[in-house]
Amino acid sequence: MRSHERTIFGEMSALAARLEAINLGQGFPDTGGPPQVRQVAERAIREGLGDQYPPAHGLPDLRAAISEHQDRFYGLQVDAADAVVVATGASEAIAAAVLALVEPGADVMVLDPYFDLYGAVISLAGARRIAVPLVADTLRPDVAAMSAALTANTRLLLLNSPHNPTGIVFNQAELSDIAEFARANDLLVIADEAYEHLWFDNNRHIPIASLPGMWDRTVTIGSGGKSFSFTGWKVGWATGPAELIAAVRVVRQHLSYVSGGPFQYAMAAGLRLPDVYFDQFREGLAQQRDRLCDGLADLGLRVIAPQGTYFATTDVRPAGFATGAEFCQQLPYEAGVVAIPQSALSDHPEATGPYVRWAFCKQPEVLDEALVRLRRWLG
């Protein structure tokens with residue numbers, strides 16, 4: 001695991017704290033989530049409801065709420081008893097799914113750039129990572145490249161949409177092609193959909209498990225932290241066919257066993273919030289996206305407008321930088337702002353080299369101050 005010792009997110013956040021720089025690197029909001037969800041957690045703590053271990057696979061009410069959520073938003077029929085497992089954040093759900101479904105020596109395909117956790121858990125499973133670059137300039141998935149990279153040992157596709165770090169959302173046609181690729185090659189799919197409620201404009205999120213022939217081969221990952229802006233609570237989940245979730249449950253119970261008792265009650269309430277909450281959540285983040293992206297474009301950076309997530313992507317070459325890594329190395333010291341080079345999340349720096357990821361899930365005044373500092377630096 002030595003190659004995974006360094007995490008760019010922890011490194012850059014620590015640098016931001018040390019230099020008192022504005023942290024647009026790590027994806028966490030700087031405002032609280034919905035107060036009615038917080039109040040449920042507070043009440044659970046006061047009443048001692050979460051003081052002891054919750055059930056191993058999650059509180060029954062939370063599993064029921066997850067099942068209701070999948071039906072309400074996507075028309076997916078999920079058995080709360082056998083087809084849901086609650087985890088310590090989406091990260092643990094992803095790790096448990098990879099460890100459960102991938103044998104040592106197998107190949108796992110990811111789209112590049114990718115969240116750094118993916119590489120670490122693939123290594124933990126004793127498997128090999130096959131990273132397929134997104135299309136240069138547009139950052140869209142390339143099924144032809146995926147087919148060319150396929151090996152006889154490829155067993156699983158780790159798919160992420162809405163996509164971190166690029167901010168793109170895979171459309172119906174792209175997902176249909178990816179689904180056909182998975183079916184034709186008998187691949188299991190772990191669908192990391194942590195940002196499922198963070199899509200903008202008309203770029204609606206479509207779970208790949210909802211496409212024909214995909215439910216039986218897909219484990220879908222969700223995140224309460226991302227959906228309700230309580231990232232520190234670390235409540236996530238996985239849903240899918242009972243036989244796959246049974247395997248994920250076995251592994252997950254030997255990781256953290258259980259966690260977040262009071263927060264599980266709160267997340268059940270969050271998943272049952274009315275549609276207006278999810279609509280306003282998206283609208284607010286879309287305004288923050290536009291605020292940052294318009295400012296970055298005014299500075300001469302080429303912005304690839306994000307369709308979802310917390311993240312915007314820019315090409316820094318128009319500002320006179322050869323690579324995003326060079327840009328991000330100077331940025332904290334000279335401008336007092338932190339961002340993430342996408343090459344740090346990539347096996348193909350020749351493709352991702354020019355790109356930088358910016359987190360816009362910050363208060364408007366924070367984004368404005370970051371832009372003031374960038375304008376002063378870039379002239």
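Q: Is Y74 buried or exposed?
A: First, a heads-up: this is a predicted model, where local features need pLDDT of at least 70, side-chain atom pairs count only at pLDDT 80 or more, and totals for chains, interfaces and linings use all residues. Residues are numbered from 1 along each chain as its sequence is written, and side-chain values use heavy atoms, with hydrogens and water left out. Buried means under 20% relative accessible area, exposed over 50% and partly exposed in between, using a 1.4 Å probe and protein chains only. Y74 comes in at 17% relative accessibility, so it counts as buried.

Q: What kind of pair do the rings of Y195 and Y310 make?
A: Rings of Phe, Tyr and Trp (its six-membered ring) pair if their centres lie within 6.5 Å; planes under 30 degrees apart are stacked, over 60 edge-to-face, and the rest tilted. Here the centres sit 5.4 Å apart with the planes at 80 degrees, so the pair is edge-to-face.

Q: How many residues apart in sequence are the parts that Y195 and Y310 tie together?
A: Strands are DSSP runs of E, at least two residues long, numbered from the N terminus. Y195 lies in the loop between strand 6 (188-192) and strand 7 (218-223), while Y310 is in the loop between strand 9 and strand 10 (311-315). The parts tied together are therefore 115 residues apart.

Q: How many disulfides are there?
A: A disulfide is a pair of cysteine sulfur atoms within 2.5 Å. For C293, the nearest cysteine sulfur, that of C361, is 12 Å away. By this rule the count is zero.

Methods
Helix = DSSP H or I, 4+ residues; strand = E, 2+ residues; numbered from the N terminus.
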